Amino acid sequence: MKSAFEPQNTVRTSYPLYREPAERIHGLDFLRGLCVILMMFDHFSYDIMCLPMWSNNFNKVAPEFLQNLSNWVYDTWWEGTLRLCLRLTVICIFFTLSGISSSFSHNNTFRGIKLGIASVVLSLFTTIADKLFALDITIIFGVLHCLTVCILLYALLSFLCKDKALYACIGLGILLFIWGLLLDFYNLQLNPNTNLTGKEIGFLDFLRLMIGTRYYGADCFGLMPYGGFFLLGAGGGMLLYTKRKPYLPLFTKKPFRPVCFVGRKAVWFYLLHQPVIMLITVLVCMLMGIRFF
């Protein structure tokens, strides 16, 4: 019998208590940050467009350049082909990147719960602001809500399917994407039969919003097809980043760091940017003599 001090021919099966953290994928941070910055620019253009509707003396006292800018956004930019195509592209890229990032996480259930709480806060804030100031900004099932469901769905697939989660994500992602195309998802808000704006939202209506067969309010993203982009991104993350190594180390350089920072804090920027931008816009306009009350 071997003593306790002699080498033992046993196989070590336990994992070390400390593992070196995986390298951060700065390229994903940069792309996600770029999407958020473009989204903030889009929302700022919405504020500029709505100034005449929010103010009772805009057309009388606003400088000519600001009136021309507001009219140009309303007449040309907001419903223009360039903006609509750019907006859809950015949204689809953002959901795909979010899926890739989720494939790195070890606790997507906790991430989904935290994001769900932020989604509820956002809905409460926009609903109260709408009732007080009639800004038409109510969000019932927007980007954060859709991401919450997507993250929890991915966590469920990972738990149930284990090593087959890759195929489950890709298969369900393709299904949601194709189903969304068949629904003509992008034109739902233009269809009076699917647009729920102006009516009280019940539980079944909320489920339809979540699935993607109905549309409501200023910001609405259903699982069809956006959940498809997320799950395809998650599957792509499992395939492309098995070792979690960056393909483009260029984005670690100093000029890209501000955009990468926005990408790392995307949820906070999403939650806070519109109140901040709107407040700054209103304050600057008030200095010009524009009234909002």
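Modeller: Arg32 and Asp29 form a salt bridge in which the closest N and O atoms are 2.7 Å apart. The model is a predicted one. Because Arg32 and Asp29 are three residues apart in helix H1, about one helical turn separates them. An α-helix has 3.6 residues a turn, so residues three or four places apart point the same way. Arg32 and Asp29 are both buried.

A search of the whole structure finds three salt bridges. In another of them, the side chains of Arg83 and Asp42 meet at 2.7 Å, N to O. This pair links distant parts of the chain, since Arg83 belongs to helix H4 and Asp42 to helix H1, 41 residues apart. Arg83 counts as buried because its relative accessibility is 5%, under the 20% cut-off. Asp42, with a relative accessible area of 12%, is buried as well.

A salt bridge also joins the side chains of Arg208 and Asp205 (3.2 Å, N to O). These two residues are three apart in helix H8, and therefore about one helical turn lies between them. Asp205 is buried at 12% relative accessibility, whereas Arg208, at 31%, counts as partly exposed. Arg208 is also among the residues touched by Thr213, together with Leu183, Leu188, Thr194 and Met224, when residues up to four places away in sequence are not counted. Thr213 is placed in the loop between helix H8 and H9 and is partly exposed, with a relative accessible area of 22%.

The part itself is helix H6, residues 143–161. At 1.5 Å a residue, its 19 residues should span 27 Å, and the end C-alpha atoms are 26 Å apart, which agrees. Among the buried residues of H6 are Val143, Leu144, Cys146, Leu147, Ile151, Tyr154 and Leu157. The cover over the buried residues of H6 includes helices H4, H5, H7, H9 and H11. Just after H6, Lys162 takes a positive phi of about 55°.

The largest nonpolar core has 46 residues, of which Phe95, Cys146 and Tyr226 touch the most other members. Helices H1, H4, H5, H6, H7, H9 and H11 each supply at least two residues of this core. Its largest share, eight residues, comes from H6. Leaving aside residues up to four places away in sequence, Cys146 touches Phe95, Phe141, Phe221, Gly222, Leu223, Tyr226 and Gly227. A second, separate core of 20 residues includes Leu51, Trp77, Leu135 and Val282.

Ala155 also lies in helix H6. With a relative accessible area of 15%, Ala155 is buried, because that value is under 20%. Ala155 touches Asn108 and Thr109, again without counting residues up to four places away in sequence. The C-alpha atoms of Ala155 and Arg111 are separated by 9.8 Å, although the two residues are 44 residues apart along the chain.

On the surface, Phe65, Trp268, Leu272, Val276, Ile280, Val284 and Met288 form a nonpolar patch, with about 700 Å² of accessible area together. The largest share of the nonpolar patch, five residues, comes from H11. Leu272 lies in helix H11 and, at 48% relative accessibility, counts as partly exposed.

Methods. Residues numbered from 1 in each chain as written. Predicted model: local features only at pLDDT ≥ 70, side-chain atom pairs only at ≥ 80, totals over all residues. Heavy atoms only, no water. Helix = DSSP H or I, 4+ residues; strand = E, 2+ residues; numbered from the N terminus. Expected span 1.5 Å × (residues − 1). Buried < 20%, exposed > 50% of the residue type's maximum accessible area, 1.4 Å probe, protein only. Contact = heavy atoms within 4.5 Å. Patch = residues over 30% accessible without salt bridge, like charges linked within 9 Å, V, L, I, M, F, W, Y side chains within 5 Å. Areas by Shrake-Rupley, 256 points an atom, 1.4 Å probe, with all protein chains shown as cover. Salt bridge = Lys/Arg side-chain N within 4 Å of Asp/Glu carboxyl O. Core = buried A, V, L, I, M, F, W, Y, C linked by side-chain atoms within 4.5 Å.
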